[in-house]
Amino acid sequence: MNIALIAHDSKKELMVQFCIAYCGVFSRHNICATGTTGKLVAEATGLEVFRFLGGSQGGDQQIAARIACNEIDLLLFFRDPIRAKPSEPDEAGLLRLCDVHNIPVATNIATAEALIHALERGDLDWRNIVNPPKR
């Protein structure tokens, strides 16, 4: 499955810790992320992470385009609803696209954990029918 990672600045360390904790699960999937988030996760976990531009440079829009093309199976978007900066990713647009294309999305660690356990159990395998893996 193709998993996209985005984290507001104040949530990047939480994303890194989450990816360390579930490195075994992530290692069985394709991971992409916005610039700095991807760099931090790759350095901390050793995972191969495809990095888009930074969020303020349009990386979130690059991920949004992949969601619109049904090329993302799961989005983990750790956002800070209290201290988000204007330059940080557009939440409403990303969440809307996930709703339109039935992409499971987590915006906090509690939901992310539920989705990762669902991924481990195979509960999200229906995505392989919608978006068959490329061979």
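Where is threonine 34 placed? In this predicted model, threonine 34 lies in the loop between β2 (30-33) and α3 (35-45).

- Histidine 8 sits in the loop between β1 (2-7) and α1 (12-21).
- With a relative accessible area of 1%, histidine 8 is buried.

**Threonine 34**
- Threonine 34 has 3% relative accessibility and therefore counts as buried.
- Beyond its neighbours within four places in sequence, threonine 34 contacts Leu5, Ile6, Phe52, Leu53, Gly55, Gly59, Asp60 and Ile63.

**Aspartate 60**
- Aspartate 60 counts as buried because its relative accessibility is 6%, under the 20% cut-off.
- Asp60 is among the residues in contact with threonine 34, and is also one of the α4 residues that meet α5.

**Packing of α4 and α5**
- Helix α4 (residues 59-68) packs against helix α5 (residues 91-100) at an angle of about 15 degrees, and their axes are 9 Å apart.
- The two helices, α4 and α5, are therefore roughly parallel to each other.
- The crossing of α4 past α5 is left-handed.
- From α4, Asp60, Ala64, Ile67 and Ala68 meet Leu94, Leu97 and Cys98 of α5.
- By class, this contact has six nonpolar residues, one charged residue and no polar ones.

Definitions and conventions. Residues are numbered from 1 along each chain as its sequence is written. This is a predicted model: local features need pLDDT of at least 70, side-chain atom pairs count only at pLDDT 80 or more; totals for chains, interfaces and linings use all residues. Side-chain values use heavy atoms; hydrogens and water are left out. Axes are lines fitted to C-alpha atoms, for helices over the stretch in contact, and angles run from 0 to 180 degrees between N-to-C directions. Helices (H or I, at least four residues) and strands (E, at least two) are DSSP runs, numbered from the N terminus. Angles under 35 degrees count as roughly parallel, over 145 as roughly antiparallel, 65 to 115 as roughly perpendicular and the rest as oblique. A crossing is left-handed if the near helix is turned anticlockwise from the far one by less than a right angle, and right-handed if clockwise. Contact means heavy atoms within 4.5 Å. Ala, Val, Leu, Ile, Met, Phe, Trp, Tyr, Cys and Pro count as nonpolar, Asp, Glu, Lys and Arg as charged, and the others, Gly among them, as polar. Buried means under 20% relative accessible area, exposed over 50%, partly exposed in between (1.4 Å probe, protein chains only).
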